[in-house]
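Please report on the side-chain arrangement of this protein model, covering its aromatic rings, its charged groups and its nonpolar core.

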Amino acid sequence: MAINQMNGFDESATRSYAHLFQALADPTRLAVVQHLASGEHRVRDLVEHMGLAQSTISKHLRFLVECGLVVARPEGRATWYDLAEPALLKILVAAAEKMLEATGHSVQLCAHLRAGGQEVRE
């Protein structure tokens, strides 16, 4: 654990948090997460749903897998992608909604990720 004595913070933990928030900061990655909140998808499914290039979807999925937000499940020649921890992501999104509301931006993501949404998988 690398603790910066002068600043009193853990640099390794700071990098880990930054990496997690970086994963959710990109609008395309956040859209992929929203799609995955409704269930497993293959790259080709996401390409069809989002209208983006296969290489773009694959690049963002790699990042999300690397962050631990998404898991990959090979099945034959296809790979299925799913949220690693949908219940925890639901809590994170609920906290983000509260923070946005407190700062004057009362907005909500899709029902699949909302705290009050009935469709969130747990």
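## The aromatic pair

F21 is partly exposed, with a relative accessible area of 47%, whereas Y17 is exposed at 55%; here buried means under 20% relative accessible area, exposed over 50% and partly exposed in between, with a 1.4 Å probe and protein chains only. This is a predicted model, in which local features need pLDDT of at least 70 and side-chain atom pairs count only at pLDDT 80 or more, while totals for chains, interfaces and linings use all residues. Residues are numbered from 1 along each chain as its sequence is written, and side-chain values use heavy atoms, with hydrogens and water left out.

A search of the whole structure finds one aromatic pair, and it is formed by the rings of Y17 and F21, whose centres are 6.4 Å apart and whose planes stand at 40°, so the pair is tilted. Rings of Phe, Tyr and Trp (its six-membered ring) pair if their centres lie within 6.5 Å, and planes under 30 degrees apart count as stacked, over 60 as edge-to-face and the rest as tilted. Because Y17 and F21 are four residues apart in helix α1, about one helical turn separates them; helices (H or I, at least four residues) and strands (E, at least two) are DSSP runs, numbered from the N terminus.

## A charge over a ring

R29 lies over the face of F63, at 4.0 Å from the ring centre. A charge sits over a ring if NZ of Lys or CZ of Arg is within 6 Å of the ring centre and within 35 degrees of the ring normal.

## Salt bridges

The whole structure contains three salt bridges according to the search, each defined as a side-chain nitrogen of Lys or Arg within 4 Å of a carboxyl oxygen of Asp or Glu. E40 pairs with R73, the closest N and O atoms being 2.8 Å apart, and this pair links distant parts of the chain, with E40 in the loop between α2 and β3 and R73 in strand β4 (residues 70-75), 33 residues apart. E40 is partly exposed at 32% relative accessibility, and R73 is also partly exposed, with a relative accessible area of 33%.

R73 also meets E75 in a salt bridge (2.8 Å, N to O), so that bridges with shared partners join E40, R73 and E75 into one network. The side chains of R42 and D45 form a salt bridge as well (2.9 Å, N to O); R42 is partly exposed at 23%, while D45 counts as buried at 13%.

## The surroundings of H41

H41, which is found in strand β3 (residues 41-42), is buried, with a relative accessible area of 7%. Its side chain reaches the backbone oxygen of G39 at 2.8 Å. Leaving aside residues up to four places away in sequence, H41 touches H35, L36, L46, H49, T79, W80 and Y81, where contact means heavy atoms within 4.5 Å.

## The nonpolar core

The largest nonpolar core has 20 residues, and those with the most contacts inside it are V32, L61 and V70; such a core is a set of buried Ala, Val, Leu, Ile, Met, Phe, Trp, Tyr and Cys residues joined through side-chain atoms within 4.5 Å. At least two residues of this core come from each of α1 (11-25), α2 (27-36), α3 (43-50), α4 (54-67), β5 (78-83) and α5 (86-102), and α4 gives the most, with five residues. V32 touches L46, M50, I57, L61 and L64, not counting residues up to four places away in sequence.

Methods:
A polar contact is a pair of N or O atoms within 3.5 Å; within protein, one must be able to donate a hydrogen and the other to accept it, and residues adjacent in sequence count only if both atoms are side-chain atoms.
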